[in-house]
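Reader: Could you go through this one with me, starting with a single side chain and then moving on to the pairs?

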Amino acid sequence: REETEMLRNIYQYGIVSVFYSIGSKPLELWYCHQENEKNISLETDEEIRGEVLSIAGDDCPSNFISCPSNPSKNLAIKLPFLFFQLKNVNKNLSLEVVTLDDRKNIRRFRASTFQKEVFIGDKVCLMPLRLSEGWNEMIFNLQDLTKKSYGTGHAETFSIQIHSNCKLRRVFFSDKLVFESELAPEMLLFSLDDCRRQNSLEEKSSQLIENNVPTFRKPPSFF
């Protein structure tokens, strides 16, 4: 069993990163499925002035990345907060997280921009995914999602799938809700100078928020 549980034996405290687009091997833990070789690729995003992973394609089920790369394994990550730093490209997007609850039941949470209402079934919980323009930091409170959906507690995460369409910067777990002031500089979506400039703009005019000013934190609205 230990061979199938990738990260159970590592010290799970603070932040555990499973994807970073600037790493030497950003997709080392991930499996890529795409209709053609151009649908999933690294590119430079001018807004954050750095390399990101683009996941594109009109058919969401056919274009995705999944972690772990081997479907016979699971992550075995117990940390309850899951963060996605991703860009809204104004096309359909779907995220899926498979977990284990404290009663040994496998739970599948799927959030999609094309899902209109929350549906809670025995096999899967479907949720509408609402994004702001530009870059978003999505925060999944897995403990809260599991309790509200099934009345049980979150035990660990088995796997993650990210389907088209989005641009992806980082995916990581945390043992608590982390604020930007608590993140190391390399974990920030925007540079410190950009963050200071953003805060200054927000103080000067709320109108700018309606004109594609980047969103730094965007907890998903499911319930």
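**One arginine, then the pairs**

Author: R107 is buried, its relative accessible area being 11% (buried is under 20%, exposed over 50% and partly exposed in between, with a 1.4 Å probe and protein chains only). Please keep in mind that this is a predicted model, in which local features need pLDDT of at least 70 and side-chain atom pairs count only at pLDDT 80 or more, while totals for chains, interfaces and linings use all residues. Residues are numbered from 1 along each chain as its sequence is written, and side-chain values use heavy atoms, with hydrogens and water left out.

Reader: OK, and where is R107 found?

Author: R107 belongs to strand β8, which covers residues 106-112 (strands are DSSP runs of E, at least two residues, numbered from the N terminus).

Reader: Which residues does R107 touch?

Author: Leaving aside residues up to four places away in sequence, R107 touches V97, V98, T99, D101, D122, Y150 and T152, where contact means heavy atoms within 4.5 Å. With D101, R107 forms a salt bridge whose closest N and O atoms are 3.1 Å apart (a side-chain nitrogen of Lys or Arg within 4 Å of a carboxyl oxygen of Asp or Glu), and D101 counts as buried at 1% relative accessibility. As for Y150, R107 lies over the face of its ring, 3.9 Å from the ring centre (NZ of Lys or CZ of Arg within 6 Å of the centre and within 35 degrees of the ring normal).

Reader: And what sits over the ring of Y20?

Author: That is the charged end of R170, at 3.7 Å from the centre of the Y20 ring.

Reader: Switching to rings, how many aromatic pairs are there in the whole structure?

Author: The search finds five; rings of Phe, Tyr and Trp (its six-membered ring) pair if their centres lie within 6.5 Å, and planes under 30 degrees apart are stacked, over 60 edge-to-face and the rest tilted. One of them is F19 with W30, edge-to-face, with 6.1 Å from centre to centre and 85 degrees between the planes. This pair links distant parts of the chain, 11 residues apart, since F19 is in strand β1 (residues 15-20) and W30 in the loop between β1 and β2 (31-33). F19 is buried at 2% relative accessibility, and W30 is buried at 5%.

Reader: What about F84 and F140, how far apart are the ring centres?

Author: Their centres are 5.4 Å apart with the planes at 70 degrees, so this pair is edge-to-face. F84 is in strand β6 (residues 81-88) and F140 in strand β11 (residues 134-141), so the pair ties together parts 56 residues apart in sequence. F84 is buried at 0% relative accessibility, and F140 is buried at 1%.

Reader: Back to charges: how many salt bridges does the structure hold?

Author: The structure holds 10, among them D45 with K167, where the closest N and O atoms are 4.0 Å apart. D45 in strand β3 (residues 40-45) and K167 in strand β13 (residues 166-174) are 122 residues apart. D45 is buried at 2%, and K167 also counts as buried, at 17% relative accessibility.

Reader: E182 and K176 form one too, so are they buried or partly exposed?

Author: E182 is partly exposed at 40%, and K176 is partly exposed at 43%; the closest N and O atoms of this salt bridge are 3.1 Å apart. Elsewhere, salt bridges with shared partners join E43, D45, E47, K87 and K167 into one network.

Definitions and conventions:
Helices (H or I, at least four residues) and strands (E, at least two) are DSSP runs, numbered from the N terminus.
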